[in-house]
Amino acid sequence: MLQTAAFAAVAALLPPLVAALPTASPLAQRDVSPSFAYGTDKIRGVNIGGWLVLEPWITPSLFTATGNDAIIDEWTFGSMQDYDTALAALTTHWDTWITETDFANIAAAGLNHVRIPIGYWAYDVSDGEPYVQGQAAYLEQAIGWARNHGLKVMVDLHGVPGSQNGYDNSGKKGDALWATNTTNYDRTKSVIQTLALKYGDSSYNDVVTILQLINEPATYLNDQLKETTMHFYYDGYGTARYPWVPQGSGAESNLVVSIHDGFQPLSTFDDFMPAPSFVDVLLDTHNYQVFADEYVAWDEATHISQVCAQAANYAGAPLWLVVGEWSLAITDCATWLNGRNVGARYDGTYAGDSTYVGSCDGWSGSGTDFASDYKDFLRKYWDIQTQTYENNAQGWIFWAWKTESAAEWSYSTGLSGGWIPQDPTQHTYSYDSTCS
């Protein structure tokens, strides 16, 4: 019923095409033609995390410099300090955290995609929301850098009004209220419209290939959030695929439309957005092994075997699948990974019932003190994850390109430290021998 109602909602947006949709042409005959051979070539990329959407654990110095421990996310970064002070700090951050040199280095590392998170507030601030704007111009600049260096861009709507998950990386930590009113929904759809109109234009076909409708909606929280998310995926697909409908045109954009699994089993998406009525839909799943007491208690061999165990699950995905976030972390020891001034499960300092596993010494930080056997494990963990994601899905996008002080989460630090290879197709540890 949800799928039928949602499809009707999409069709209502497309009066010129309603009659044609049920008898749409086969996939190979459709006009949608992104400039990357999705379904054939493998996605190998990195997330540009902590830049246009703040995360305290990625750039702790930015938050420490405020002198206010109550500033825990981008919302409070704007609400708890003077606007000019916040703007100056953010402008410096935007100018320096990521530059064209980073994009050149990403390309030199043999990668072909960057996923760039951005919040709705870059395009829409209203009702007294304290967000500081300016991010949209930097996204545009980054797309130019990507074009210069032959990289494809996934534009990722990482935070939506009301928050889709209550995480600090949604812009506002706390309750997930996105699905509780239609205004939030409509504002989100409007931002997707803005992004699709701009980046669906043919002048961006060579570089912007994917638009992600919403990042990590926490659909496990309640049925309302799950149902609203699933409906929005249909609605958002119509907006992204046919962005010119408000202008009277039924032309299709070439954007691949990405939807996150909402932390639901991949089988949830069986018969969801079926071809040929829906084309070039990319399902995004995130694989982290640190955000539960059980995970941080695993030994290294279990971390590896649990990656191998995902092979059949990923291979059976009903849509194109990408592992759009993953890392080399096996503990949650990175400073503020669980939120500013929040401890770690691994060393028992996380609020609640976390059980001490061990000291956090040597598991995170700059990486300069990582033991040689830990570095060897990180290489194996990288090898097995990348091969699992390429052999059984469309590829992978590592989180993140860089961090200030969490080497196990930093692709660039892994390159310089030697546990990530300069050529992502070269593996020291074999998937077949490890996972058999």
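Is Thr183 buried, partly exposed or exposed? Thr183 is partly exposed, at a relative accessible area of 45% (buried is under 20%, exposed over 50%, partly exposed in between, with a 1.4 Å probe and protein chains only). This is a predicted model, so local features need pLDDT of at least 70 and side-chain atom pairs count only at pLDDT 80 or more, while totals for chains, interfaces and linings use all residues. Residues are numbered from 1 along each chain as its sequence is written, and side-chain values use heavy atoms, with hydrogens and water left out.

**Salt bridges**
- The whole structure has 13 salt bridges (a side-chain nitrogen of Lys or Arg within 4 Å of a carboxyl oxygen of Asp or Glu).
- One of them pairs Arg340 with Asp69, closest N and O atoms 3.3 Å apart; the two sit 271 residues apart in the chain.
- Arg340 is buried at 6% relative accessibility, whereas Asp69 is exposed at 53%.
- Lys402 and Asp102 also meet in a salt bridge, at 3.6 Å from N to O, and so tie together parts that are 300 residues apart in sequence.
- Asp102 counts as buried, with 9% relative accessibility.

**Within helix 12**
- Asp383 and Arg379 form a salt bridge at 3.0 Å between the closest N and O atoms.
- They are 4 residues apart in helix 12, which means about one helical turn between them.
- Both ends are buried: Asp383 has a relative accessible area of 0% and Arg379 has 14%.
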